[in-house]
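The sequence and the structure are shown first.

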Amino acid sequence: MKLLRWLTVGGIFSLPLIAYSAQNEPKESANVSSAQSLKSADDFSDISNDRNRSAAMFEELGKVIQHPRCMNCHPAGNQPLQGMDMTVHEPPVKRGPANFGAPGMECNTCHQSENVTLAAQAKDIKSVPGNPKWHLAPIEMAWVGKSLTEICEQIKDKERNGNKTMEEMIHHMAKDDLVGWGWKPGEGREPAPGTQKSFGELFEAWVHSGAHCPSA
C-alpha cells in the first residue's frame, strides 16, 4: 500500500515527504543511544611496531568512517543513501552540479539548518536531518563500495580528499560541524560511535603516527 506523508518544517509549512511502501523504509532503531565507544590512542600503546600501531588506529577510526551516518553522504553514485541499511534516499533526489541537489529539488528544500523533530508524524520518522552545509560529498570522495584500506589511501590523497593537507584533514574531522552531525543526527537515528572529540583526537594521533593504512 502506498502512503503519502507530509513533512512539517519548523511548524511553518508542509511538504510531501515520501510516497512509499512500508516494507522499503530505511531501518533505524526507535530507541538509539551513543553507547558504542571509540578507543583512544593510548589504547594502542602496547603495539610496539610503529606501522602496525598506526594501522590499528585507523582500523578503529573505521568504526566511524564506515558507519552509515558517514557512508550515506559518501555514495559512489549520484543519489544519497539513508538509514542503517543504507537504502537509496526517498524521496528520489540527485546529486546535482554542486553536490547540493538538482535545481528545484536542492538539499535545503527539506533539510534545514538544524535537525527538525517532527510532531504528529509517523512513529518511524521522528526527525529530519539538518545542517547549514547539508550536501553530498563530491564523487571523488566516494567511500561506498571501497575497503577500509582504499578509503585510508583516499583520505591521504589531496586529489580525492577535497585538496586538503593532513593537518587540514585533522581540523576537518575534529571541528567541521557537518562531520559532527554524525554524532548528533536527530531523534530516531543511531549516532556514530564515540564523539567527534574522541574521533578527532584519534585521527590526529593516527596522522602523527605516520598515517599508515591497514593491510588490504
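## Overall architecture

Read along the sequence, the protein follows the pattern β-β-α-α-β-β-β-β-β-β-α-α-α-α. It contains 6 helices and 8 strands, where helices (H or I, at least four residues) and strands (E, at least two) are DSSP runs numbered from the N terminus. The model is predicted, and for this reason local features need pLDDT of at least 70 and side-chain atom pairs count only at pLDDT 80 or more, whereas totals for chains, interfaces and linings use all residues. Residues are numbered from 1 along each chain as its sequence is written, and side-chain values use heavy atoms, with hydrogens and water left out.

Of the 216 residues, 42% count as buried; buried means under 20% relative accessible area, exposed over 50%, and partly exposed in between (1.4 Å probe, protein chains only). The protein exposes about 11600 Å², of which carbon and sulfur atoms supply 52%. These areas come from the Shrake-Rupley method with a 1.4 Å probe, and for residues only the protein chains shown count as cover. Among contacts (heavy atoms within 4.5 Å) with a separation of 6 or more, 56% are made by residues 24 or more positions apart.

Helix H4 spans residues 166-175, and its buried residues are Met166, Met169, Ile170 and Met173. They lie on the same side of H4 because they cover an arc of only 105 degrees around the axis, the arc being that of the directions from the helix axis to the C-beta atoms. An α-helix has 3.6 residues a turn, so residues three or four places apart point the same way.

The buried residues of H4 are covered by elements that include helix H3 (148-156), helix H5 (177-180) and helix H6 (196-208). On the other side of H4, His171 and Lys175 are exposed.

## Serine 127 in strand E8

Serine 127 belongs to strand E8 (residues 127-128). It counts as buried because its relative accessibility is 2%. Its side chain reaches the backbone oxygen of glutamate 187 at 2.7 Å. Such a polar contact is a pair of N or O atoms within 3.5 Å; within protein, one must be able to donate a hydrogen and the other to accept it, and residues adjacent in sequence count only if both atoms are side-chain atoms.

Leaving out residues up to four places away in sequence, serine 127 touches Val116, Thr117, Leu118, Pro185, Gly186, Glu187 and Arg189.

The structure holds 1 disulfide, defined as a pair of cysteine sulfur atoms within 2.5 Å. This bond joins cysteine 152 to cysteine 213, with an S to S distance of 2.0 Å. Cysteine 152 lies in helix H3 and cysteine 213 in the segment after H6, so the pair ties together parts that are 61 residues apart in sequence. The link is left-handed, with -85 degrees about the S-S bond. Both cysteine 152 and cysteine 213 are buried.

Cysteine 73 is in no disulfide, and the nearest cysteine sulfur, that of cysteine 70, is 8.2 Å away. Cysteine 107 is likewise in no disulfide; the nearest cysteine sulfur, that of cysteine 73, is 8.7 Å away. Cysteine 107 counts as buried at 18% relative accessibility, while cysteine 73 is partly exposed, with a relative accessible area of 22%. Cysteine 73 is found in the loop between helix H2 (68-71) and strand E3 (81-82). Apart from neighbours within four places in sequence, cysteine 73 is in contact with Leu136 and Ala137. Cysteine 73 and leucine 136 are 63 residues apart in sequence, yet 5.2 Å apart in space, C-alpha to C-alpha.

## Aromatic pairs

Rings of Phe, Tyr and Trp (its six-membered ring) pair if their centres lie within 6.5 Å; planes under 30 degrees apart count as stacked, over 60 as edge-to-face and the rest as tilted. By this rule the count comes to 5 aromatic pairs. The rings of tryptophan 134 and tryptophan 181 have centres 4.9 Å apart and planes at 80 degrees, so the pair is edge-to-face. Tryptophan 134 lies in the loop between E8 and H3 and tryptophan 181 in the loop between H5 and H6, so the pair ties together parts that are 47 residues apart in sequence. Both tryptophan 134 and tryptophan 181 are buried.

The rings of tryptophan 183 and phenylalanine 199 have centres 5.5 Å apart and planes at 45 degrees, so this pair is tilted. Tryptophan 183 is in the loop between H5 and H6 and phenylalanine 199 in helix H6, 16 residues apart. Tryptophan 183 and phenylalanine 199 are buried. Ring pairs link Phe58, Trp183, Phe199, Phe203 and Trp206 into a cluster.
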